[in-house]
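Hi,

Here is the structure I promised to pass on to you. Have a look at it first, and then read on for what I found in it.

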Amino acid sequence: MIKQIFQALEGTPWGTAVRESTWLFPTIESIHVLSLVLVVGSIMVVDLRLLNIASRQRSVKELTDEILPWTWTAFVCALITGSLLFSSSAVRYTGIWQFKAKMCMLVLAAINMGIFHLGAFRSVAQWDRAPSQPPLAAQLAGGISLSIWVIIVALGRWIGFV
Amino acid sequence: MIREFCTWLAATSLSEHIQDAFWVIPTVQTVHIVSIAIVMTSMAMLDLRLIGIAGRRQSLQEMGARFLPWVWITLVVLACSGTILIIGEPGRELQSDMFWIKMSLLVCALVMTLIFQTLLRRRDGFWETHRAAAVLLGSLSLLVWVGIVGAGRWIAYVEHG
């Protein structure tokens, strides 16, 4: 039954268009790459701050307030373009373990972010500015986030080789 | 001439090692992409600040001091990872029009970044007092960097040697 959903997705006008056009897939993929590099780059700025490696003179709250709107905008673009790419060969992609693993990693990234925002981030005002160091939970969240996103990039690139 | 060079390079043992080990090219490309993330995000922040759209809580000087070192260091990583990719598949890049378009755009981007950095450091408040130039440079820079990313991806789709 699930396979029928993915087959139906392939049959949609947009799924078909992306699959059959010579230039649509590369173009949408390029926008996907542009979006994802901005997602990853902006998340890295925050993660490196949480790890106390970079932007140490800036307040964590200020940094996240400033950067996260851009991160979310880029993420939505990545999601839309990714969905269009997925629709073009949904059945095939769901059979590729690198794709499934990438989706799992995205969920893990979301969970990690959720735990951080509900946990350590709630007391951010107390450890926000130098010379205060982010608590261990925050540093862990930053380090885990960084690792997960690099793995997501690797898996995403790997899909293209399968 | 390029064709002979590519043939020679592809036959070297280093090139064959890179081609034979299935993990090298995808891994180096991943390093390349993560590096692009660092450079693109840094340049996007600087250019948007230059144009005056975002990040106004920090002065341009502070932002430049924060992000420009990351840009230059990561560009070295990009050059190294790119070189490994070229050695692995010389014809794919060196005999590709799309690759040379990307390199031309890269030269433009580097020149613009140098202009931005030089005036930022040597002429105090230059970008604050020359707003038209700032908006022009910021916009152009943004467009060119986006073009570099696009051209880079399209190498895979356009006819090459």
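**What I found**

In chain B, 80% of the contacts with a separation of 6 or more are between residues 24 or more positions apart. For chain A, 79% of the contacts between residues at least 6 apart in sequence join residues at least 24 apart. Please keep in mind that this is a predicted model.

**Confidence**

The predictor puts the ipTM of the complex at 0.93 and its pTM at 0.94. For chain B, the average pLDDT is 95, and 99% of the residues score at least 70.

**The two chains**

Taken along the principal axes, the C-alpha atoms of chain A fill a box of roughly 55 × 30 × 25 Å. For the C-alpha atoms of chain B, the box is roughly 55 × 25 × 25 Å. Of the 162 residues in chain A, 34% are buried; of the 161 residues in chain B, 33% are buried.

**Packing inside chain A**

Helix 3 of chain A covers residues 24-50 and helix 8 of chain A covers residues 136-159; their axes come within 8 Å and cross at roughly 155°. That angle makes helix 3 of chain A roughly antiparallel to helix 8 of chain A. The crossing of this pair is left-handed.

Which residues make the contact? From helix 3 of chain A they are Val40(A), Ile43(A), Met44(A), Asp47(A) and Leu50(A), and from helix 8 of chain A they are Ala138(A), Gln139(A), Ala141(A), Gly142(A), Ser145(A), Leu146(A), Trp149(A) and Val153(A). Sorted by class, this contact of helix 3 with helix 8 in chain A has nine nonpolar, three polar and one charged residues.

**Packing inside chain B**

In chain B, the pair to look at is helix 3 and helix 4 (residues 60-88), which pack at an angle of about 155° with their axes 8 Å apart. Helix 3 of chain B is therefore roughly antiparallel to helix 4 of chain B. Their crossing is left-handed. By class, the contact between helix 3 and helix 4 of chain B has 20 nonpolar, nine polar and one charged residues.

**Where the chains meet**

How many residues does each chain give to the contact? Chain B gives 20 residues and chain A gives 21 residues. On the side of chain B that touches chain A, the elements giving two or more residues are helix 3 (24-51) and helix 8 (131-154) of chain B. Helix 3 of chain B provides the largest share of that side, with eleven residues. By class, the side of chain B that touches chain A has twelve nonpolar, five polar and three charged residues.

One helix pair spans the two chains: the axes of helix 3 of chain A and helix 8 of chain B come within 9 Å and cross at roughly 130°. This makes helix 3 of chain A oblique to helix 8 of chain B. Here the crossing is right-handed.

On the chain A side, the contact of this pair is made by Pro26(A), Glu29(A), Ser30(A), Val33(A), Leu34(A) and Val37(A) of helix 3, and on the chain B side by Val146(B), Val149(B), Gly150(B), Arg153(B) and Trp154(B) of helix 8. In terms of class, helix 3 of chain A and helix 8 of chain B bring seven nonpolar, two polar and two charged residues to their contact.

Val149(B) sits in helix 8 of chain B and is one of the residues in the contact with helix 3 of chain A. Is Val149(B) buried or exposed? Val149(B) counts as buried, because it has 21 C-beta neighbours inside 10 Å, and the cut-off for buried is 20 or more.

Setting aside neighbours within four places in sequence, Val149(B) is in contact with Val33(A), Leu34(A) and Val37(A) from chain A, and with Ile36(B) and Met40(B) from chain B. There is also a distance you can check: the C-alpha atoms of Val149(B) and Leu105(B), which are 44 residues apart along the chain, are separated by 9.9 Å.

Happy browsing, and best wishes

Technical notes. Residues numbered from 1 in each chain as written. Chains lettered and ligands numbered in written order. Predicted model: local features only at pLDDT ≥ 70, side-chain atom pairs only at ≥ 80, totals over all residues. Axes fitted to C-alpha atoms, helices over the stretch in contact; angles between N-to-C directions. Helix = DSSP H or I, 4+ residues; strand = E, 2+ residues; numbered from the N terminus. Parallel < 35°, antiparallel > 145°, perpendicular 65-115°, else oblique. Left-handed = near helix turned anticlockwise from the far one by under 90°. Contact = placed C-beta atoms within 7 Å. Nonpolar A, V, L, I, M, F, W, Y, C, P; charged D, E, K, R; others polar. pLDDT = per-residue confidence, 0-100. Buried ≥ 20, exposed ≤ 12 C-beta atoms within 10 Å, placed from the backbone.
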